[in-house]
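Hello,

Here is the structure for you to look through. My notes on it follow.

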Amino acid sequence: MKTYQINILASAFALLTLGACSDSFLEIKPKGTNLEANYYQNQQEAYNGLVAVYDVVGWQGGGFVTKQNALNAASDDHYAGGGGPTDITALQVWSNYTLDPSTGPQGELWRKGFSGVFRANVLLQKLPGVPMDENLKARYAAETKFLRAYFYFDLVRFFENIPLLTEPVSTSEMYNVLQAEPSAVFQQIETDLKEAIENLPASIDLATEAGRATIGMGRALLGKVYLHQEKFDLAAQEFAAVNGTPGETSQYGYQLLDNFGDLWVVDNKFNSESIFEINFTSQSNGDWGCVACTEGNVLNIMVGPRGYNAISDDAPDYVSGWSFLPFTENFFDAIHGDPRYKYTLANLDSLEKAGAVTYEKGYMNTGYFLEKYAGRQSGRSTGGGVMELNFRQNIYEIRLADTYLMEAEALVRGGGNQGRAQQLLDAVRARVGLAPIPANFENIMEERRLELAGEGHRWFDLVRTGLAAQALADRGFVAGKHEILPIPLLELDNTLIEQNQEYGGTK
C-alpha cells in the first residue's frame, strides 16, 4: 500500500501502483510500480492486476486508521481509548465528534476507497485487450466490478458527495473532476453488482481461492446497498437468496455455525458463516519501517489491554496491547448476561478484582475490551517481523447472522413477510440459546448490536436508520452534520471538488 504524499486523485490517475501489501486471497504478491501502458500484456499480468484491486480491501493506514477501528470509535458502543486524548487523533476526534476537514479519519478512508476504484478502472479498461481465456476474463471483470462497487459503497456512505469515475482519467483532466449526485453513485454500484453477479462463480475452492468474490458475496452486498436506500423489497429478495431457509444451509453453502464462539477461533477462517472475509497472515514480516505494508491484522494489537500481566495460571493469554476501543459502560450493561458476552467482551476490571491479572489503565478505560479481536500469545507470529504487526486473525466484512438480521429488518420496515422475519431473528437467537422475542424494528436493531458488536457495523446502522442523533447525543453528534465525513482538505487543493456544506463548503 502506497502512502500518497500528494492529492490521491492526481497521483492515482497518473500511475497504477501494483505493489500489493496485504495478503488478499493468494500468496503471489506482485511487486514494483509499473506504468499502465506497459502492463496487462498476458493472463498473469491481468491476474496480478486483480490481486492489486483485492489488496485494497485489507487497507491498513500507516497511522493505524482502518475502516473497522474508525467505525467502532465513532459508535456508541466504544470509546477511542488508547494511551491518551491525542493517541491516533483521527480516531479520537471521530469518537468525540470534534472532527473537522483538517483532522479526522477521512484522509485514510478516502485514500482507501479511491485507490481501489482507480485500480479497478485500469484493470477493466485493459482486460478486453488481454489475450486469455474469455470465460476467465469475464470472471476477472466480474470480480473487479464487485470490488469497485464495494469501494464506492463505502465512499458514498462516508462522504456522500464524491467523484464518480468508471474509467481512468488522463493527467490533463484529473484536476477538473466533479462530484456526482449520490443517486448516480448508487445507480452505478447497483449496475456493477448486477453485472458482476452474472459472471461470478457460485462457489470456489477454499484451498486456493478463499476470499475471492462469489455470487453470494455479490448478492449480499447488493442487498446492503438496497437496504441503505430503503428499497426494502429488493433488499429482502437479495438477502433471501443468500440466506435460504433460516437455520439451514443456503443454496450458496452458507450456514450459521453451531457455536457462536467458533467464529472467533483464529484458524477457523472462511467457515460456513463467512460471506465476505478479509484475510490476514502472520508471514509477511511486517515491521516498523512500513506499518502500512504489513499483512498482519493491526486490530489485534490495538484492542488488547495495555500493560497486561497474567498472575494466575488460568488467566487469559492476552498479548499486552494498546487499549484502543474499550466498550462503553452502556454496552456492558446491554450485553452482560447475554450468552455472547464472554466471546465479545473481555472484562479486565473483573479479572483484576479477582487477583488474576493486572493491567495499565488506558485513556477512557472502562475495563471492558474487545474480546473478539484481542491479540493472544497463541496467535503470535510464527514468521519474521515484529510481533505487534503480524497477527493472522481475519475480519468478517459480511457474515450470515448479519444478512439474516438485515433481511429481517427489510421485511419489518418494508411490510414484507413478518413470519419469515420472525424465523430469521429466532435463528440468530436460537444459535446462542436465547428464546424468541417479537421481530419488531427495535428488537432487530438491538440484536444487531449484540450479535455484531465490535465488527464495524453499529455506526452505519445508527446513521441509516436515523437513530444516530439520539444514541450519540452525549458524544457531541450533531444531527444534519455528522452523518457524513468532511472531504479531506488535500482533495480540495487546485481541484473542482467542493467541501460538504455540513463542514463549511457549498456542495
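Contact here means heavy atoms within 4.5 Å. By that rule N390 touches T281, S282, S284, N285, G286, T294, G296, S381, G384 and G385, leaving aside residues up to four places away in sequence.

This is a predicted model, in which local features need pLDDT of at least 70, side-chain atom pairs count only at pLDDT 80 or more, and totals for chains, interfaces and linings use all residues. Residues are numbered from 1 along each chain as its sequence is written, and side-chain values use heavy atoms, with hydrogens and water left out.

N390 sits in the loop between strand 7 (368-370) and strand 8 (395-399); strands are DSSP runs of E with at least two residues, helices are runs of H or I with at least four, and both are numbered from the N terminus. The relative accessible area of N390 is 0%, so N390 is buried (under 20% relative accessible area, with a 1.4 Å probe and protein chains only).

Helix 5 (residues 106-126) is mostly covered, with 19 of its 21 residues buried.

Helix 7 (residues 182-199) and helix 9 (residues 215-228) pack at about 160°, with axes 9 Å apart. Axes are lines fitted to C-alpha atoms, for helices over the stretch in contact, and angles run from 0 to 180 degrees between N-to-C directions. The two helices are therefore roughly antiparallel (over 145 degrees). On the helix 7 side, the residues that meet helix 9 include F186, I189 and L193.

Regards

Note on methods. Angles under 35 degrees count as roughly parallel, over 145 as roughly antiparallel, 65 to 115 as roughly perpendicular and the rest as oblique. Buried means under 20% relative accessible area, exposed over 50%, partly exposed in between (1.4 Å probe, protein chains only).
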